[in-house]
Every structure is written in C-alpha cells, then in structure tokens.
Amino acid sequence: MSIKTVAVIGCGIGRSHIVEGYLPHPDRYRVKAICDLNEERLQAVGDEFGIDQRTTSFRELLADESIDIIDICTPPGLHLEQVLDALDAGKHVVCEKPLTGSLKGVDRIIEAERHARGVLMPIFQYRYGDGIEKAKRIIEAGIAGKPYVGSVETFWLRTAEYYSVPWRGKWETELGGVLVTHALHLHDMMLHLMGPVAKVFGRVATRVNDIEVEDCASASLLMQNGAFVSLSCTLGSQEQISRLRLHFENVTFESSHGAYTPGKDPWKIIAADETVQARIDEVIGNWQPVAPRFTTQMAHFHDFLSGKGPLPVTTKDARRALELVTAIYQSADSGQEIALPIGPESPKYADWRARTK
C-alpha cells in the first residue's frame, strides 16, 4: 500500500483533517507540509504534529513534486482558484465546503478535471458513521420502499464572537451564510439518502447576528421521486442539534441529534412490521463499526487512489448540494418556486449573490 504525501493549506479546520483524517491512517498518508498565513497558528500546528515543512506560500507547495495531495482548508472565497491551480499543477485535491460560490465555478472545476492528472474530492464528512451508512444500505437494498416525507433541521448557535473573524459573515469571503457553511452538511446527507430534487421554494433571513449573509432559512422541496422534504436551519438555537427524520413506505429513519456527529449511531430505524425487520436484520445484522467523519472519508479516498474503490465524494456531488443552495437563494429573491436542474439560463448560475428581483 503506497503512502500518499499531503500538504494541508489552512490550519483551522485543517487541523481536524490531520487529527481525524490522516493520523488514523499512518500506512496510507503522511502530512508532509502545512501552509497558513497566520504564523503563530502555523508554528503551533507544526509543533503539535511534528511537521517540519511549514510555509506561508501556497505556490511553493504546488511546485513541490514530492507532494501528492493538496488539502484546501482556506476561507471559502479562495477555494475555486486554489482548486483550479492545484489541479493544473498535477495534484490530487481535497477541498472543504463550500467548493465555490456558484454553479458556474463548479462547472469550471468539472471541466478542469477532464484534463487533469489528479482528481478532486470535496469534503462531505457527515456522510460517514454507523447510523447514516446503515440507512444507506437499507435503502439501496430496496427494503425502505417508496419515500414519503422528510425533515432536516440544522439548529446551531453562532454568536458575535464567531463572526469576529474578519472573513466570516461576508458575501465576498464566506460566500453565504447558514445554507452554505453550516446546513450544507445535513442537506448533503438528505440528498445522499433521498436522491435529487425536482422543485424548491425557499426563504432566507438575517435575524440572529449583525452580518451580511443569512443565518435563518427554510425551504420546501419536491424530490424527483415524489417525496416532500422540509428544511429548517438557524444559527440562533440555544440547544444545538442536527436532525434528519425520513419516512419511507416500510421504514422510518431518524438520525442522532449530535450537532456535529449526526452520521453516528444511535439512529432510530423503525420497521413497518416483523417481516421488514427481518429483512433489515439480514442486511445490517452483522454490522462492523465504521469510524465517523474524516476518518472514513479519507480511508475511502486512499482506496480510490489505489484502484480499490470508487471516489467517495465527487465534484458532481458537490454540485448537487450547491444547486440546492442556488435554488433556495433564487426562490427567496424571486418569491417563485424554482425547478431543477439549474443551468446557465438561471440569474443565479454565475453568482448566487446576484439579486434576481
């Protein structure tokens, strides 16, 4: 098994990538270099993990032929150009969400990947954990049956202290609010289990903090399979929870409520009757525990790079999640229901920050 060398760009959430994603797999990855404009944080993370190569220059790492993977954990407004530059340099790329601030940007990345030696894996770590992976297996086995209705709740708390970081809360640098930087995780989990969206009606507002971007949102979705899904999110909840409850013909699923670990057990998996329960037991009765979040996503990424499995999260997966964001913003601006898919004809395609009224 070949060890892949990694350079982590941005030592904020990047530290979590090191701790959860790379250190648990010493036979698969070696974090060779780190990059951060904050010299104090750069040195602290380097000292903590014994990483000798430390730099404030992203370009220096692109030119380093000994590095296989560039892991981008910078503020969202930088992601698009950094991803494109890393692909152009022949690197494999890992990128935190949001991948970019428009569907046009995502499509630029998809086009760049067609000609690149490396591949991009967007981060959607909440897909991983015993609870969500059991639900996924049951659905894929055909046991759950027809999807009826779902609800997704991202009830988190972010205060003025959180937004004191200069790039947060601004359209230019954070690219959006609760829909883009917080609820995107839960919404991706829903899409992962319920499939693509057909129509969206949404509302957004800034009610909690003195910021440019939205911190409250709700949306009503019609899925392509005919199911209805409601989304609700706020950054003003005094008890932080993340919750999915999905109702199918034969099974109801409810996630754990851990704000930042909703993929982990315990999940409620409620069968319609004993026959359905017996089928579920056949599929997940001998379940082997799955490490949550970055640990499993990075394991699957190495499997892909070694030719042993599919790419766990693709740019098209990220596009689907950002298409939902685009549709909610467009609906909120226009007061109209928005049909998907969304292409260049949409006033939000090139930049969802553009007003449509």
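Biologist: How many aromatic pairs does the count come to?

Modeller: In this predicted model, the count comes to 6 aromatic pairs.

Biologist: Why is the pair of Trp-171 and Tyr-329 called edge-to-face?

Modeller: The ring centres of Trp-171 and Tyr-329 are 5.6 Å apart, and rings pair if their centres lie within 6.5 Å. Their planes stand at 70 degrees, and planes over 60 degrees apart count as edge-to-face. The pair is therefore edge-to-face.

Biologist: What makes this a link between distant parts of the chain?

Modeller: Trp-171 is in helix α7 (residues 171-174) and Tyr-329 is in helix α12 (residues 315-334), 158 residues apart.

Biologist: Why is the pair of Tyr-329 and Trp-352 called tilted?

Modeller: The centres of these rings, Tyr-329 and Trp-352, are 6.0 Å apart, with the planes at 50 degrees. Stacked needs under 30 degrees and edge-to-face needs over 60, and the rest count as tilted. So the pair of Tyr-329 and Trp-352 is tilted. Tyr-329 lies in helix α12 and Trp-352 in the segment after β14 (338-339), so the pair ties together parts 23 residues apart in sequence.

Biologist: What makes Trp-171, Tyr-329 and Trp-352 a cluster?

Modeller: Ring pairs link Trp-171, Tyr-329 and Trp-352.

Biologist: How do you know which of these residues are buried and which partly exposed?

Modeller: Buried means a relative accessible area under 20%, and exposed means over 50%. Tyr-329 has 4%, so Tyr-329 is buried. Trp-352 has 1%, so Trp-352 is buried. Trp-171 has 25%, so Trp-171 is partly exposed.

Biologist: What makes Arg-158 and Arg-168 count as lying over the face of Tyr-162?

Modeller: The cut-off for a charge over a ring is within 6 Å of the ring centre and within 35 degrees of the ring normal. Arg-158 lies over the face of Tyr-162 at 5.0 Å from the ring centre, and Arg-168 lies over the face of Tyr-162 at 4.0 Å.

Biologist: Now helix α2. Which residues of helix α2 are buried?

Modeller: In α2 (residues 39-49), Leu-42, Val-45 and Gly-46 are buried.

Biologist: How do you know that the buried residues line one face of α2?

Modeller: Seen down the axis of α2, the buried residues fall within an arc of 100 degrees, so they line one face. In general, an α-helix has 3.6 residues a turn, so residues three or four places apart point the same way. The face of α2 turned away from the buried side carries the exposed residues Glu-40 and Asp-47.

Biologist: What do the buried residues of α2 pack against?

Modeller: They pack against α1 (13-22), β2 (29-35) and β3 (53-55).

Key:
Residues numbered from 1 in each chain as written. Predicted model: local features only at pLDDT ≥ 70, side-chain atom pairs only at ≥ 80, totals over all residues. Heavy atoms only, no water. Buried < 20%, exposed > 50% of the residue type's maximum accessible area, 1.4 Å probe, protein only. Helix = DSSP H or I, 4+ residues; strand = E, 2+ residues; numbered from the N terminus. Arc of directions from axis to C-beta. Contact = heavy atoms within 4.5 Å.
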